[in-house]
Amino acid sequence: MSAYKFLAAFVCVAALSLVVSADGHDRGDMGRPMGMPLPEVEEPEGARCCLPDDQFRVLKGSMVSSTRTGFFGKLSGPTKVFEYSDNVYDYTNNKFASYITRVLLDGSFYEEHVHVIEDPDEDFVWVINLDEMKCMKGKKEEYPFRIGERCVPDYAMYSGAFYLGKEEFTANEFYQIIPEDMSTSGLFTFSVSPDCIPHSENFVGKTDSWGMSQILTVSSTFTNYTVGIDMPERYFTVPDYCRYMEESKPWWMPV
C-alpha cells in the first residue's frame, strides 16, 4: 500500500485501479496545487503509519460513476456501477488478488464477475472474466497495486481526524491532488484507523488510462479486515483455460 497505495484506488470499472503513482514526478509537488495554502490541521504523531500485517484479506464496496467505460465489450457510455470485491494482499510473496462483482445500475442490473491476479514473476496482470471464461493480460502500469508500498506516503497531506458513533471508531484522513499532466488526475482522499487499517477512499477526477478518456467519481469503504489468507490457492491460481488461451490465442486482449 501506502495506506494509500493499498488504497490504490481500485477503480474496477475498467478493471481496476487509478494510476496515482508519482513515478517520474517530484513527489513533493503531488500533494496540492501551487498557491493552495495548507489547512491549519496539526498532524498527530503516528498518524502517518504503515500496514501492520504482511498478509491480510479485506472486503471493499464501491460506488463508481464514469462518463465512459468498457470491459470485455459489456459497458460503454455513461455508467454507474456498484462493486463489491474480496481482496487479499500478500506482502511476504509480493502478490495481490481480488474477486470482484460488478452490478450495472442502469435498470438492467447486469452483473459481472472478475478475478484479478498480480504476481511479481509476470510482467502483466491477469484479468479474468469468470462468466465467459475469458482472460486478459493487463499492463501493470494501468493496474497499479504497487505491492512494494505499504505506508502513508510523505506526499499525502493530512486533513484531520474523525470518529463514528460515540467515538467507537476513529480514523485519520489524508488527501492528494494529482496534477493534470498525469494520466489520472484529480482529488484522491483516504482514511485509516490509528493502527493503519484501511477505512475509506474517494476519488473525483479524470483518467486517460485504458485507451480512453473518462471522468470518474469513486466512493469506497473497506470492511472485515482479517489477518492472514485462508486458501491462498483460491486467489492466486490462474485457471488452466487462461494458459491454454495464451498458447492457442483464440481470444485475448493484447498487452
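Biologist: How many disulfides does a search of the whole structure find?

Modeller: This is a predicted model, in which local features need pLDDT of at least 70 and side-chain atom pairs count only at pLDDT 80 or more, while totals for chains, interfaces and linings use all residues. Residues are numbered from 1 along each chain as its sequence is written, and side-chain values use heavy atoms, with hydrogens and water left out. A disulfide is taken as a pair of cysteine sulfur atoms within 2.5 Å. By that criterion, the search of the whole structure gives 3 disulfides.

Biologist: Which cysteine forms a disulfide with Cys 49, and how many residues apart are the two?

Modeller: The partner is Cys 196, with the sulfur atoms 2.1 Å apart. Cys 49 lies in the loop between helix 1 (3–6) and strand 1 (55–66), whereas Cys 196 lies in the loop between strand 9 (184–192) and strand 10 (198–207). Helices (H or I, at least four residues) and strands (E, at least two) are DSSP runs, numbered from the N terminus. The pair thus links distant parts of the chain, Cys 49 and Cys 196 being 147 residues apart.

Biologist: What is the handedness of the link of Cys 135 and Cys 242?

Modeller: A disulfide joins these cysteines with an S to S distance of 1.9 Å. Cys 135 belongs to strand 6 and Cys 242 to helix 3 (residues 240–248). Cys 135 is buried at 3%, and Cys 242 is buried at 1%. With -75° about the S-S bond, the link of Cys 135 and Cys 242 is left-handed.

Biologist: How many bridges join strand 7 to strand 8?

Modeller: Strand 8 covers residues 169–178 and runs antiparallel to strand 7. Tyr 163 stands opposite Thr 170 in strand 8. The number of bridges joining strand 7 to strand 8 is 7.

Technical notes: Pairing = 2+ DSSP bridges. Buried < 20%, exposed > 50% of the residue type's maximum accessible area, 1.4 Å probe, protein only.
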